[in-house]
Amino acid sequence: MDIQSTDKQYIANTYARFPINIVSGKGSVVTDENGKEYIDLATGIAVNTFGVADDEWIKAVEKQLETVQHTSNLYYSAPCATLAEILCKKTGMKKVFFSNSGAEANECAIKAARKYAQDKKGEKFSTIVTLKNSFHGRTLTTLAATGQEVFHKDFTPLTPGFVYATANAIEEIEAIIATYNCAAIMIEVVQGEGGVNPLDKEFVKDIADIAKRHDILLICDEVQIGNGRSGKLYGYMNYDIMPDIVTTAKGLGGGLPLGATLLGEKVKDVFTPGSHGSTFGGNPVACAGAISIINRLNDELLKGVNERSEYIKTQLENADGIKSISGMGLMLGIETEKDASKVISECIDNGVLVIKAKEKVRLLPALNIPMPQLEKAIEVLKNACK
Ligand SMILES: *Cc1c(COP(=O)(O)O)cnc(C)c1O
């Protein structure tokens with residue numbers, strides 16, 4: 001059976017896949033159907049936090065799988081409650097709503113923000129401010145939140161009530177707040193899909209101040225930068241702020257679908273039975289896996305993330321064919337002289353998986369990638385950039 005032609009015939013035409021069929025792997029090495037090995041600096045888009053077939057994660061998932069695979073949210077379930085407790089204790093947030101994806105985590109955040117504002121200030125307070133060049137998901141509401149025209153066209157009308165400000169332009173945020181009845185400001189502290197661009201420290205602090213002053217909620221979308229990738233547990237922790245809502249997904253589950261919306265003090269009780277829900281959300285197998293991930297994101301592990309990040313930056317700064325490096329921790333964007341797509345396919349040919357973010361080459365390695373593998377992969381990348 002030819003997988004590529006079957007896929008092309010039967011899978012909806014939404015993905016431009018690389019011509020690789022990954023069949024197995026261990027840690028940061030994956031293997032295709034022909035037995036060719038690749039060092040994986042993409043981790044399924046920041047999902048496989050500890051790489052492929054991680055022993056601890058497998059053990060946790062298997063144990064739960066053999067116990068009970070699903071209960072629904074009509075009943076109590078230990079993995080779900082335990083994971084929520086860990087997330088709250090590690091962040092200072094108060095309650096968690098679990099879902100299955102980043103988009104759903106953001107949908108929940110938007111619902112929570114609107115309900116908080118409307119309960120407190122009245123029905124008109126519904127506007128959510130997001131940033132141009134942001135990415136918040138593919139559902140119609142999270143598309144509306146996404147400040148990029150290219151994603152909107154062909155799918156209008158989108159959910160109303162979203163207004164976009166330019167990143168790092170605090171005066172635009174102020175003008176919007178003066179004009180609209182705002183419920184929340186939603187940001188990614190490092191814009192991932194938008195090209196791996198960290199927001200300025202000043203700007204983020206100013207947003208947090210303005211939000212607090214006006215009792216507008218601050219939502220941090222940590223779907224990609226969260227769960228250790230920034231070098232701290234969550235990206236916002238690099239900015240000295242305390243958001244009202246934190247959303248995450250991707251790396252949280254370590255490979256199983258899991259989204260989480262962390263609700264802070266102001267919004268912890270905004271939902272009531274029936275006001276939101278999910279059939280699969282908080283699935284015990286996904287949560288058991290996530291517990292094994294989040295419990296390992298300790299200071300020592302995060303130190304390793306920062307050391308690997310420094311290594312990559314030192315190696316690539318001033319390397320031939322590289323114009324600039326952006327990002328934080330192990331979420332890095334590389335501006336290359338050659339077309340990024342060319343660099344990526346040359347890396348693939350030479351056994352290294354990297355992906356794109358806008359016009360940059362994006363690196364999202366496993367947080368525990370062994371140094372020898374990282375060194376080898378960076379050498380391949382450097383050669384591809386020349
Ligand atoms: C990937 C991503 C999303 C969407 O997550 P899905 O799981 O694909 O729905 C939302 N926000 C950010 C910042 C992302 O990187």
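How many salt bridges does the structure hold? The structure holds 15 salt bridges, a salt bridge being a side-chain nitrogen of Lys or Arg within 4 Å of a carboxyl oxygen of Asp or Glu. The points below take up this count and other features.

1. Basis. This is a predicted model, in which local features need pLDDT of at least 70 and side-chain atom pairs count only at pLDDT 80 or more, while totals for chains, interfaces and linings use all residues. Residues are numbered from 1 along each chain as its sequence is written, and side-chain values use heavy atoms, with hydrogens and water left out.

2. Domains. An automatic or database domain assignment divides the chain into domain 1 (3–54 + 299–385) and domain 2 (57–294). Taken over C-alpha atoms, the centres of domain 1 and domain 2 are 26 Å apart.

3. Extent of the interface. In domain 1, 28 residues are in contact with 29 residues of domain 2, contact meaning heavy atoms within 4.5 Å. About 2,200 Å² is buried between domain 1 and domain 2, with carbon and sulfur atoms giving 59% of this area. Buried area here is the accessible area (1.4 Å probe) that two parts lose on being put together, summed over both. On the side of domain 1, M328, M331 and K358 lose the most area to domain 2, together 30% of what that side buries.

4. Polar and charged pairs between the domains. Between domain 1 and domain 2 the count is 1 salt bridge. Across the same interface, 14 residue pairs are in polar contact, both residues at pLDDT 80 or more. A polar contact is a pair of N or O atoms within 3.5 Å; within protein, one must be able to donate a hydrogen and the other to accept it, and residues adjacent in sequence count only if both atoms are side-chain atoms.

5. Make-up of the domain 1 side. The elements giving two or more residues to the side of domain 1 that touches domain 2 are α2 (43–46), α11 (299–316), β13 (322–328), β14 (331–336) and β17 (360–363). Helices (H or I, at least four residues) and strands (E, at least two) are DSSP runs, numbered from the N terminus.

6. Ligand. A backbone N or O atom of G102 lies 2.8 Å from an oxygen atom of the ligand. D221 places a polar side-chain atom 2.8 Å from a nitrogen atom of the ligand, and an N or O atom in the side chain of K250 is 2.7 Å from a ligand oxygen atom.

7. Backbone of one loop. The loop between α7 (149–152) and β6 (162–165) contains P157, and the peptide bond from T156 to P157 is cis, with omega near 0°. D154 lies in the loop between α7 and β6 and has a positive phi of about 85° although it is not a glycine.

8. A further salt bridge. R17 pairs with D7 in a salt bridge, with the closest N and O atoms 3.1 Å apart. R17 lies in the loop between α1 (3–10) and β1 (22–26) and D7 in helix α1, so the pair ties together parts that are 10 residues apart in sequence.
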